[in-house]
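Trainee: Can you walk me through this one? I have the sequence and the coordinates open.

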Amino acid sequence: APLTRNHTSSRMVQWLFKSSQTPRKQSILSQMMPNICLLASDKYAHHVIIEMLRDTDRDIRKSLVDSLVPLSFELLRNKYGAEVLDFAYQLAATNRQKRAMLINILYGKQRQMYSALLQSKSNLDAVLESKSSRVVVAMADAAGGGALSTAVMESAVDAMRAFCEKPELLRYALVQHAVYEVVEGALNTGHERYGVAVADEICALLQEHIAQLVHTKYGAHLGARIVMLADAKGRKKILKALKSLFVRIAAHEHGHVVILALIDCTDDTVLISKTVFHEFFQSEFTEFEESQVSTENGATEHRKKSTQNAVLSRLCDKYSRLPVLMLVSNWGRRYFSESNYGFICEQQHRIHSKKDTDVRRKELLAYVTPVIERILFNKHGECDSNSVLKLLQSPHSSQVLVEFALSQHEAITSIELDQHIVQGIVDVFISQLSGENSCLIDNSNRIIPCVYHSLSVLSKQSALFQSKLKSRLDSNLKTKLKQLNASNLLFE
C-alpha cells in the first residue's frame, strides 16, 4: 500500500496489477483493503484504484466497489476520492451497488437513521432492488410514514442543497443521479412540505449550472426538468448559460433532450429563434447575408456550398436533427417514443408555460421554414438536387425531408408549386432512376432502404407526390421499378 502513494511507484503497482494473474491481483487488492479510503483519496494512489476498477474480473470489481460504497459520503468530499467513486458508479457498480451509493451520499449525515431503517432484509431489498420506485420514495416508504418519513425526506433535501452550493460536484454522474432522484421523488410524492415546492427550489439553484449536467442520462433528464419547472426569467438564465453550446449539446446522445425541452416549453419563441435556431443555422444565415452583397465571381458559390454542408450535416445527424424534426412532425410518435421523450410533454409540471402548444410551434416554424427553403432551393427558386439527394440518402435527414414535405408545404409561399419540395424529390428520384449508376440503388439491385421508406411514406400520405411521380414515369421507368421490387410506390 505505501508504494501506491508515490508518483513513480504507483505506476509500477498499476503495471504489476494489470499484468498479473487473478490470484496475485486478489493478493494486491487484499493488502490495500484496510486503507482503501486513504488510498482512494490520495493524489497518486487513486489511479491504482481506478486501474483495479477497470479489471475484467467481476469478483475483483464487486469486492472493490463493496468496500467503496460505505465510504461514499466521505469520498465525495475529496477531489480524488470523488473521481474514484464516480468511475466506480459509471463503469463497475451493479444496479444494487449504485442505489446503495445514492443512499450513502443522501443520508451520510444520518447514518444511524438509515441503518436502522435498512436492518430488516425486506426493507433493504425493497430499497436496493426496486426498479420502479425512486430511492427517496423507497426510503420514505420504508420509514412507514409519520415523523420518520418526514425526516427521511428532509435529510435528502438538505444533502441536495449542499450539492447545489458546490457546483464542482455537479459534473459527477453519481451526484447528478442523486439530484434527479430527489427532484423526481419530490414531484411524485404527495408530501405537503417536500413536494413540488422543493423540486422547484432545487431546480432554481441549478439553472446557471445546467451546462454541467448534459453529458449523462440522468443529468440531461434533470436538465430538461429544470427547464420545465423554470419561469420565463429562469429560462433566460438557462439560455445564457448554454450560449454557444447549443449545437454541441443538440448532437449529444443525452444532452439533446435539454434542447428539446427548451424549444417545447419556452413561450418566448423570438428568444428561442435568436439563440437556439440562430446558432443551429448560423452558417446558413452568414452565407445568405454575404451572398446579397458579393459579386458572382465564383467565390460566393464556393462559400455557399461549404456553409450549407455544415447545416446539412446537422440535419443528417441522429440527434442534431431532432429539434427540427420535432417541429415539422409535431412530436411524431414514429420518432419520439413515449418512454424516452414523454416526460417533456407532461403538462402538469409546466406551470410557467402559458402559450398554446400549436401557437408556439407555428411561430417557430415561421422562423425555421424559410431557412430550410434556402437550403433546398437556390435564389432563383430552382431545386438544389445535391442537397435533396444528400438528405434522401441519410436515414435520419430523410425523415426530416419527408415530414417537411408532408406537413409544411403550405408554409412555403416564395416558391412556385412546380418548384415545390415534392417536385424536387420527384425530379431527383427520376433522374437517379434514369441514370446508369444511381446512388439510390444498392449492390443488391434494390432501392436504398431509407430512400424506399421515405418514398413509400410520401406515396401513402401525399396525393401531390403520387400524381407528380406518375406523370414523370414512362413505360421503361415503370419496368425498372418492377425490377427493383418498388412498383408498389405507385399504388396502382
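Trainee: Let's start with a helix pair. Are α4 and α7 roughly parallel or antiparallel to each other?

Mentor: This is a predicted model, to begin with. The axes of α4 (residues 45–53) and α7 (residues 79–91) cross at roughly 5 degrees, so the two helices are roughly parallel to each other. Their axes come within 10 Å.

Trainee: Which residues meet there?

Mentor: From α4, H46, I49, I50 and L53. From α7, Y80, E83, V84, F87 and A88. The residues of this contact between α4 and α7 divide into seven nonpolar, one polar and one charged.

Trainee: OK, zooming out. How many helices and strands does the protein have?

Mentor: The secondary structure comes to 30 helices and zero strands. The protein has 492 residues, and 53% of them count as buried.

Trainee: And what share of the contacts join residues at least 24 apart?

Mentor: 71%, among contacts between residues at least 6 apart in sequence.

Trainee: Switching to α16. Which of its residues are buried?

Mentor: In α16 (residues 232–241) the buried residues are G234, R235, I238 and L239. Seen down the helix axis, they fall within an arc of 140 degrees, so they line one face of α16.

Trainee: What is exposed on the other side?

Mentor: Three lysines of α16: K233, K236 and K240 are exposed there.

Trainee: And what covers the buried residues of α16?

Mentor: The cover includes α15 (217–229), α17 (246–250), α18 (256–265) and α19 (269–280).

Trainee: You mentioned α15. Is R225, in that helix, buried or exposed?

Mentor: R225 is in α15, and at 3% relative accessibility it counts as buried.

Trainee: What does R225 touch?

Mentor: Leaving out residues up to four places away in sequence, R225 touches V183, E184, L187, C203, F343, E346 and H349. There is also R350, which is 125 residues from R225 in sequence, with the two C-alpha atoms 9.2 Å apart.

Trainee: Salt bridges next. How many are there?

Mentor: The structure holds 15 salt bridges. One of them joins the side chains of D158 and R161, at 2.9 Å from N to O.

Trainee: Where do D158 and R161 lie?

Mentor: Both lie in α12 (residues 146–164), three residues apart, about one turn of the helix. D158 is partly exposed, at 39% relative accessibility. R161 is partly exposed too, with a relative accessible area of 27%. D158 and R161 are also linked with E201 in a network of salt bridges.

Trainee: Now R334. Which residue does it form a salt bridge with?

Mentor: With E403, the closest N and O atoms being 3.6 Å apart. R334 lies in the loop between α22 (322–329) and α23 (338–341), and E403 lies in α26 (residues 397–407), so the pair ties together parts that are 69 residues apart in sequence.

Trainee: What about R472, what does it form a salt bridge with?

Mentor: D427, with the closest N and O atoms 2.4 Å apart. R472 is in α29 (residues 463–472) and D427 is in α27 (residues 421–434), so this pair ties together parts that are 45 residues apart in sequence. R472 is partly exposed, with a relative accessible area of 36%, and D427 is partly exposed at 29%.

Trainee: Last topic, backbone. What is phi at S244?

Mentor: Phi is about 75 degrees, a positive value, although S244 is not a glycine. Most residues other than glycine have a negative phi. S244 is found in the loop between α16 and α17, and S244 is exposed, with a relative accessible area of 54%.

Trainee: And where does N330 lie?

Mentor: In the loop between α22 and α23. Phi of N330 is near 55 degrees, again positive in a residue other than glycine. At 36% relative accessibility, N330 counts as partly exposed.

Technical notes: Residues are numbered from 1 along each chain as its sequence is written. This is a predicted model: local features need pLDDT of at least 70, side-chain atom pairs count only at pLDDT 80 or more; totals for chains, interfaces and linings use all residues. Side-chain values use heavy atoms; hydrogens and water are left out. Axes are lines fitted to C-alpha atoms, for helices over the stretch in contact, and angles run from 0 to 180 degrees between N-to-C directions. Helices (H or I, at least four residues) and strands (E, at least two) are DSSP runs, numbered from the N terminus. Angles under 35 degrees count as roughly parallel, over 145 as roughly antiparallel, 65 to 115 as roughly perpendicular and the rest as oblique. Contact means heavy atoms within 4.5 Å. Ala, Val, Leu, Ile, Met, Phe, Trp, Tyr, Cys and Pro count as nonpolar, Asp, Glu, Lys and Arg as charged, and the others, Gly among them, as polar. Buried means under 20% relative accessible area, exposed over 50%, partly exposed in between (1.4 Å probe, protein chains only). The arc is that of the directions from the helix axis to the C-beta atoms. A salt bridge is a side-chain nitrogen of Lys or Arg within 4 Å of a carboxyl oxygen of Asp or Glu.
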